Amino acid sequence: MTAETANARRKRALDAMASMPANMLSDLYKENTAGAPGAIAVRGPEIGAIMLRGRIGGGGAPFNLGEASVTRATVRLDSGELGHSIVLGRDADKARMIAHLDALRQLPDWIGRVEKAIVEPALEHARAEAKLQAEETEATRVDFFTMVRGED
Amino acid sequence: MSVSINTRSEGHVFEGGFANPVMDSQGVFRRVMNALGEPGTVADLSGFVTPPAPLSQAAAAILLTLADYDTPVWFEKPENNDDAIGWMSFHTGAPRTADVFRAAFAVLEKMSPVEAWAKFPIGTSDYPDRSATLILPVESLAGGEPLRLTGPGIETEKVITPLGLPQGFEAFMTENRAAYPLGLDVLLVCGGEAIGLPRTTRIEEA
Amino acid sequence: MYVAVKGGEAAIANAHRLLADRRRGDRDVPALTLEQITGQLALAVDRVMAEGSLYDPDLAAMAVRQSRGDMIEAIFLLRAYRTTLARFGNSRPIDTAKMRIERRVSATYKDIPGGQLLGPTFDYTHRLIDPAMAGDEPVDEPLRRAREDERRAPRVTDILNDEGLIERDVLSDEEPGDLTRDPTAFPADRDVRLQALARGDEGFLLSLGYSTQRGYGRTHPFVGEIRIGLVDVEIDVPELGFAVSLGQVRVTECQMVSQFTGGGEEGAKFTRGYGLVFGQSERKAMAMSLVDRALRADEFDEQRLAPAQDEEFVLAHCDNVQATGFVEHLKLPHYVDFQAELDLLRTLNTAKAKNDEMREAAE
């Protein structure tokens, strides 16, 4: 795998886990990481804020819209692999679990398991939720029809 | 002013930060505040962090406590400080700046030439706090020529004997004091210890 | 003049205890849970996040509960909390064109590509209090309708752009000003104005927007588009070397198409006002876009005569935390100031009485 695709896969996993509901992540984490190499905290988990930016007019120059609370963590496995995470909200456990999973993903023995047991269900959950929301919204679509008025 | 971290670096860029960030940074903050509030007293900042060379424990503890995303840090010799810069950025989010005029903190070299210090921001009359704090390493905090300190935070006078101050240091600090309320604040560091010399302190040869 | 006066500690402690009691109310009634507040008072939570300028639904719900529903108090609490958070960085600008849309309407094009999606709106309700609200009657699940593929919903301004009939967005990556870091100086740039408006008081902006419609700085507005939905938040992570998504936030965006500006080399074009707000907050986004447009008077050589066009007036007064602080501080002890005024008044009146006496004696 080239470095580029490895990074793209890593990003895909981090993105998917960040959007996952905390209790779902926690359940899958517990089910699947028994016997996994442990991790020690290198930084955090710590709660802070990021400035969230928009663009003027939607597509112009950036402006500062307001902040959002975030939590980030960095952990290291005994074998040296570093795992990072940063997620919206103030859930230290969630950030720590994701950082641990990010580190485990770097082990050949673990990448498959993390992808299959955590990342894929996270993506599936996100897809299902997006579909449900889209279909509920779709039901409120206005279907215009033209009334014929007057003669000819 | 983007933060870039050498991601190929081994653990030492990521490790050696505060073991307990909240308590440790508050502990260091208190000590640095006292060092600046009572100029001339030696603050013990050892044992909090394990920074990459050539950063001293004291300089590193000060950076990890005071530097953050909003405080650009200027390094006198960035080429010697790759790991130190990566370490600081990872732990604090503080960006390294190459622009001396924007420095909130300056990490100097031993015997840093004082003529170059005139470029650091000394604040404005509306915002005298928008000035740089200089972190200056010395050979030793004792054993040098005695300097008499007087001014706020010192009941009568205090004598310090740092070894390895750059040429013209006292003259520079006298001029610095004259600009009050504007000016630079200086922290002398050696190993795990630091001495605070704020802009209000009068420094003379004893 | 300020003089320190001690005393009242017991009264204050007891008042806080009484407040806690009144906040909780009847103990036989279950306490509100955060899930109830975020789930059933979602728009209150959204307002607190928008004006508290911190996206965090749980914290905003806690603030609503702690403040007994006093929105400005809740906003104040959230603002105070956000000052304790270390800044980790800036997000990449969110891309509203890629929004997962929950509502999207246009008042300018009936057949706007992507269509009109009403979403969960109060519009078309009769504004009659529903007796069912006194109880907990079952509520139907929403209807679902299969979506034909991925229908693109381009921003309406991009549609008008294609015809060259509207001012274009000028994409840039210029570093924006940040009023949480640097005090606002006038004249302010549009980026800083939008930041101030995004956290500004909904009521204040609503009234100012309304005033422009009534002729105080008229801009002849049309709602080009309102869209509400979820957008991805991405941030560059230096230790990874790439950007990651942190999750999604809900925002409301309003594109106000406003009166055209004239001729010149480029020909006549509509101008624009822009609104972007945390959460589902259509009224605020619309008001913001009206005020944004009014504040651009100088750009279009319009005379600045109305309050909504006066940026110092608008920006200095739109923040309800600042406003409430200054108004409410009047209730704090001003005993000494007032004593001085009393003394002055008495002296004046004594002097007048003496004058009157002397005049009478002379007559």
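Walk along from the N terminus and the elements read α-β-α-β-α-β-β-β-β-β-α-β-β-β. The radius of gyration of chain B is 16 Å, close to the 17 Å from the globule rule for 206 residues, so the chain is as compact as a globular protein of that length. That radius is taken over C-alpha atoms, and the rule is 2.2 Å times the number of residues to the power 0.38.

Before you click further: this is a predicted model, in which local features need pLDDT of at least 70 and side-chain atom pairs count only at pLDDT 80 or more, while totals for chains, interfaces and linings use all residues. Residues are numbered from 1 along each chain as its sequence is written, chains are lettered from A and ligands numbered from 1 in the order in which they are written, and side-chain values use heavy atoms, with hydrogens and water left out.

Now show the C-alpha trace of chain B, which spans about 50 × 35 × 30 Å along its principal axes. Switch to the surface next: the accessible area of chain B is about 9500 Å², with 51% belonging to carbon and sulfur atoms (Shrake-Rupley method, 1.4 Å probe; for residues, only the protein chains shown count as cover). Buried residues account for 50% of the 206 in chain B; buried means under 20% relative accessible area, exposed over 50%, and partly exposed in between, with a 1.4 Å probe and protein chains only.

Time for the rings. Over all chains, the structure holds 8 aromatic pairs (Phe, Tyr and Trp rings, the six-membered one for Trp, with centres within 6.5 Å; planes under 30 degrees apart are stacked, over 60 edge-to-face, the rest tilted).

Select Phe18(B) and Phe48(B): they pair edge-to-face, 6.5 Å centre to centre, with 90° between the planes. Phe18(B) sits in the segment before helix H1 (21–37), and Phe48(B) in the loop between strand S1 (42–44) and helix H2 (57–66), 30 residues apart. Both Phe18(B) and Phe48(B) are buried.

Jump to Trp74(B) and Phe120(B), another edge-to-face pair, at 5.3 Å centre to centre and 80° between the planes. Here strand S2 (residues 73–75) supplies Trp74(B), while Phe120(B) comes from the loop between strands S4 (105–107) and S5 (133–137), 46 residues apart. Trp74(B) counts as buried at 16% relative accessibility, and so does Phe120(B) at 3%.

Last stop: select Trp117(B), Phe169(B) and Phe172(B), which form one aromatic cluster.

Definitions and conventions: Helices (H or I, at least four residues) and strands (E, at least two) are DSSP runs, numbered from the N terminus.
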